[in-house]
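Visitor: I would like to learn how to read features in a structure like this one. Could you take me through it step by step?

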Amino acid sequence: MLAAAAALLLAAAGTVGAGRDALREELLLTPLPAGDVAATFQFRTRWDADLQRGAVSHYRLFPKALGQLVAALGVRELHLALTQGFWRTQAWGQLPLQAPAGAELWVWFQPTVTDVDKAWKELSNILSGIFCASLNFIDSTNTVTPTASFKPLGLANGTDHNLLRYAVLPREVVCTENLTPWKKLLPCGSKAGLAVLLKAERLFHSSYHSQAVHIRPICRDASCLAVSWELRQTLTVVFDTFSSGQGKKDWSLFKMFSRTLTDACPLASQSKVYVDISPKNKEKELLEVTPPPASVHEAIVQGDRRTYAVYDLLSPSLFNTSRSLNVQLKWKRPQDSSLREWIWAADWRDQHSHLQHTPISGLPCDPAGDCAVVSAALCAHSDYHHEGEGKQAKTAEAGAPTPWEMSRQCEIAQGSPGATDASLWLGYIHYQPAQDRRRPHLLEMLIQLPANSVTKITIQFERALLKWTEYPPDPNHGFYVSSSVLSALVPSVIAMKDMDVEQSPLFTSLFPSLDGSSYFVRLYTEPLLVNLPTPDFSMPYNVICLTCTVVAVCYGSFYNLLTRTFHVEEPSRGGLAKRLANVIRKFRGVPPL
Amino acid sequence: MAAPLVLVVLVAVTVRAVLYRSTLAAFISERVEVASPLNAWKRVVEGLALLDLGVSPYSGAIFHETPLIIYLFHFVIEYAELVFMFKKQKLLIELDKYAPDVAELIRTPMEMHYIPLKVALFYLLNPYTVMSCVAKSTCAINNTVIAFFILATIKGSAFLSAVFLALATYQSLYPLTLFAPALLYLLQRQFIPIKLKSKSFWLYTMQYAALYLCSLVVIICLSFFLLNSWDFIPSVYGFILSVPDLTPNIGLFWYFFAEMFEHFSLFFVCVFQINVFFYTIPLAIKLKEHPVFFMFVQIAIISIFKSYPTVGDIALYMAFLPVWNHLYRFLRNIFILSCVLIVCSLLFPVLWHLWIYAGSANSNFYYAITLTFNIGQILLISDYFYAFLRREYYLTHGLHLTRQDGTEAMLVLK
């Protein structure tokens with residue numbers, strides 16, 4: 001009896017010592033204006049243990065690979081995103097968590113780390129192994145230390161920017177090889193819960209695919225006396241159901257993923273599917289979600305009031321009627337082409353105050369050396385309701401890392417306001433010029449955008465000729481310039497209440513909001529592909545020979561003139577060659593030799 | 001004499017002013033033949049902008065000018081065009097006064113009278129100079145300093161000559177080799193014979209060397225105090241010597257190092273840099289009685305073999321060609337060489353366009369023209385050298401040579 005009690009106590013102590021962990025999983029389905037559907041999966045594991053202090057040896061829901069990484073290398077925050085495709089903000093609206101094309105890794109280290117560069121190098125190599133991505137190409141030539149953007153998203157105790165490292169590999173391609181280890185980190189794998197929908201052949205048959213891992217420390221409770229670690233794995237995919245669905249705007253889980261949901265992950269404490277059924281202006285009466293949702297949730301996301309239909313996979317009533325859940329969206333009226341154009345024209349953007357980035361794909365490029373890169377055209381529309389209240393200026397931070405191969409010349413920030421006559425206000429500029437073969441360019445600017453204006457930032461650069469060994473394989477493909485980053489705090493028209501992270505949906509609690517009056521948004525521009533002039537790779541020996549010949553011509557001429565003197569030439573007879581030459585010369589009429 | 005000179009100046013200034021205002025100005029300042037990473041105006045502006053931002057201009061790999069230039073342009077940036085136009089003017093005025101006082105038997109005073117005008121004409125109206133000026137390349141400043149140095153040497157002022165030589169060396173490293181011809185000229189002027197055992201020779205050499213080194217040290221320390229760091233030394237001199245930037249230009253280095261195996265890179269950099277400097281001693285031994293010609297050949301060698309040559313450098317030594325026009329009758333290949341130089345200059349932009357714009361040529365085409373152009377220049381200089389030596393022979397041995405049996409003789413180099 002006593003032994004049993006002791007065993008129970010030990011077991012209880014063991015569980016408490018290991019820390020509680022909880023998994024929440026969520027799928028957000030958002031129909032996009034142009035007929036596409038965006039599906040965002042989020043898997044959040046929260047672990048009430050302190051990875052930094054004390055050797056944690058028992059891992060339950062939190063993956064051991066990442067936990068050991070955080071503990072061993074002194075990582076405070078880690079954000080890794082692998083993206084394929086480009087998020088078309090103009091057509092699709094804003095995505096809460098955007099990522100640049102390729103691989104993006106940014107990490108805050110703990111202040112206890114002494115050699116940040118060494119830890120960064122080790123970290124990128126280990127992550128490259130975990131995710132089967134070529135992150136080992138991250139080195140000093142594509143790593144920057146931003147000073148103004150990329151503030152910590154989790155708990156932070158002072159921000160020394162030397163502890164931050166940011167790198168982007170725009171050339172990185174995302175494929176099944178990266179999805180599989182990502183899925184392995186989930187507690188349920190891809191066997192139960194929402195992760196059963198993640199089938200590679202459907203996921204990569206999409207317009208946009210982004211998978212990310214975010215690790216950050218958060219407060220354990222409201223008093224914030226202890227630290228918990230949060231791991232969020234997000235996957236966003238955009239399906240073009242319009243073109244693949246025989247011209248109908250209907251979509252369903254089965255059509256998108258070729259699977260339906262059968263149950264929730266047994267290890268999850270919460271498992272929900274949210275469908276965005278916010279009434280857009282003219283579409284209110286047309287859409288219908290089946291099966292009918294058990295509840296409806298209203299949230300304020302990015303300054304907008306949105307309505308979501310909620311399906312709770314853990315509630316027993318969901319699977320009463322059928323064994324599987326296939327969320328479908330149906331049109332109530334038959335569609336014709338005029339409807340589609342009408343939906344295109346319904347420019348819902350105009351009604352809301354927001355920050356929008358317009359990527360310019362065609363370059364006004366003077367093909368010789370300089371390209372004027374329009375890296376961001378920022379439109380700040382004034383709010384429809386608040387027109388009379390004067391200008392609303394939005395503050396945006398633009399960061400632009402550029403590889404050293406392009407030596408950046410003059411940076412010209414031009415503001416071309418529309419109606420008003422406001423000049424561009426540049427608060428803070430941080431410019432770190434590149435060093436050849438060692439460090440890329442970094443330009444960070446704090447800009448205040450006047451309302452009702454379009455601001456264009458143009459950066460001129462020159463293309464350099466590199467040594468022939470420095471070109472990547474397939475050099476005529478070009479060099480990628482990674483995306484510029486735009487981070488902004490956008491004033492929100494609708495006051496957002498402070499919400500409890502544990503109760504609100506995951507997609508609303510990604511970025512910490514300091515107050516309810518503004519929300520944080522981060523946009524990325526398109527990556528740029530620049531064709532650098534290439535030398536002829538077959539010519540090294542020939543070039544050495546020819547150039548040395550020219551130098552030898554000079555040396556030879558000068559040697560002759562310096563070491564020889566003029567003499568009157570004494571005639572000498574004889575020699576067959578000379579006599580033959582004289583014969584020919586006699587025919588030519590030239591004096592003989 | 002003054003009137004034609006003024007006319008020439010007016011024409012030159014007009015040409016430059018017209019070009020500044022036209023659309024060609026932007027096109028010319030982008031040309032790689034005219035603006036190199038060392039002296040492009042865009043980089044000066046970039047360096048000034050960095051300085052205003054509080055970042056050291058040498059922290060990146062963009063700016064490779066010396067600190068004195070930064071401060072000079074800090075004040076005159078608004079009037080940059082005027083500065084460049086009048087730099088050229090000054091240059092011509094100095095060349096104006098440059099009258100070689102080498103007494104020739106064959107030359108008439110009448111010929112010599114017109115030489116300064118011809119030099120001014122050659123320099124001011126040379127398309128290379130005009131393009132260099134319109135592109136606002138700091139090559140003009142280099143040329144001015146070297147012209148001042150030549151003027152000071154000819155006038156016999158050792159102090160001024162040392163100061164200007166120090167400035168020229170500080171600006172771009174290679175005028176260091178002009179120390180030898182200047183020293184020889186000044187010794188000649190003081191009638192000190194050049195014998196290794198002579199005490200007065202060593203005394204004068206030490207004096208001149210001390211003047212030169214002291215002014216160089218003063219200028220470098222001044223630069224240090226201007227920017228409070230020694231950053232400029234690796235950025236300027238390290239850049240000139242180690243050739244990291246491989247932007248195509250009219251020289252031989254860029255493609256050579258673009259196609260170099262990494263293993264041999266250091267070796268060949270050293271070889272190429274030594275190549276500029278090592279002609280000095282042999283030329284000094286051969287031409288110790290003719291220091292002015294020695295200076296000319298030395299300037300030409302620097303312009304051809306320096307690490308980032310531009311057409312502005314070539315214009316400098318070509319401006320001296322009228323001084324030696326009495327050698328015309330002894331030049332052997334002048335026609336073909338001038339054709340080569342003209343045709344190559346015309347082909348440079350064409351092949352650049354084909355390589356970069358049209359994509360139908362590749363880098364080998366531009367490289368080939370570079371090679372041909374440099375061969376043309378080298379043969380031009382050696383042709384002038386040959387003509388000079390041959391004339392010297394005739395001066396001492398008479399113009400009509402006969403052999404022992406009385407027939408017309410041929411002169412060979414053996």
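Guide: Let's start with one residue: A:Arg20 is exposed, with a relative accessible area of 64%. Here buried means under 20% relative accessible area, exposed means over 50%, and partly exposed lies in between (1.4 Å probe, protein chains only). Please keep in mind that this is a predicted model, where local features need pLDDT of at least 70 and side-chain atom pairs count at pLDDT 80 or more, while totals for chains, interfaces and linings use all residues. Residues are numbered from 1 along each chain as written, chains are lettered from A and ligands numbered from 1 in written order, and side-chain values use heavy atoms, without hydrogens and water.

Visitor: With which residue does A:Arg20 form a salt bridge?

Guide: Side chains of opposite charge can pair when their charged atoms come close. The rule asks for a side-chain nitrogen of Lys or Arg within 4 Å of a carboxyl oxygen of Asp or Glu. The partner of A:Arg20 is A:Asp48, with the closest N and O atoms 3.1 Å apart. This pair links distant parts of the chain, 28 residues apart: A:Arg20 sits in the loop between α1 (2-18) and β1 (21-31) of chain A, and A:Asp48 in the loop between β2 (37-47) and α2 (64-73). A:Asp48 counts as buried because its relative accessibility is 8%.

Visitor: How many salt bridges are there over all chains?

Guide: The count comes to 14. One of them joins the side chains of A:Glu470 and A:Arg437 at 2.4 Å, N to O. That pair also links distant parts of the chain, 33 residues apart, with A:Glu470 in the loop between β21 and β22 (479-481) and A:Arg437 in the loop between β19 and β20 (441-449) of chain A. A:Glu470 is partly exposed at 24%, and A:Arg437 is partly exposed at 25%. In chain B, B:Asp313 and B:Lys306 meet at 3.4 Å, and both residues are buried. Salt bridges that share partners also join A:Arg44, A:Arg216, A:Glu230 and A:Arg232 into one network.

Visitor: What does the secondary structure of each chain come to?

Guide: Helices (H or I, at least four residues) and strands (E, at least two) are DSSP runs, numbered from the N terminus. Chain A has 11 helices and 26 strands, whereas chain B has 19 helices and one strand. Of the 593 residues of chain A, 52% are buried; of the 414 in chain B, 58% are.

Visitor: How should I read the place where the chains meet?

Guide: Begin with contacts, meaning heavy atoms within 4.5 Å: 54 residues of chain A contact 64 residues of chain B. Then take buried area, the accessible area (1.4 Å probe) that two parts lose on being put together, summed over both. Here the area is about 5,500 Å², and carbon and sulfur atoms give 67% of it. A:Phe558, A:Leu561 and A:Phe566 supply 15% of what chain A buries against chain B, more than any other three residues.

Visitor: Which residues form the salt bridge between the chains?

Guide: The count there is one, and it pairs B:Glu262 with A:Lys467, the closest N and O atoms being 4.0 Å apart. On the side of chain A that touches chain B, β18 (406-417), β19 (425-432), β21 (453-463), α10 (540-563) and β26 (566-568) each supply at least two residues. Among these, α10(A) gives the most, with 16 residues.
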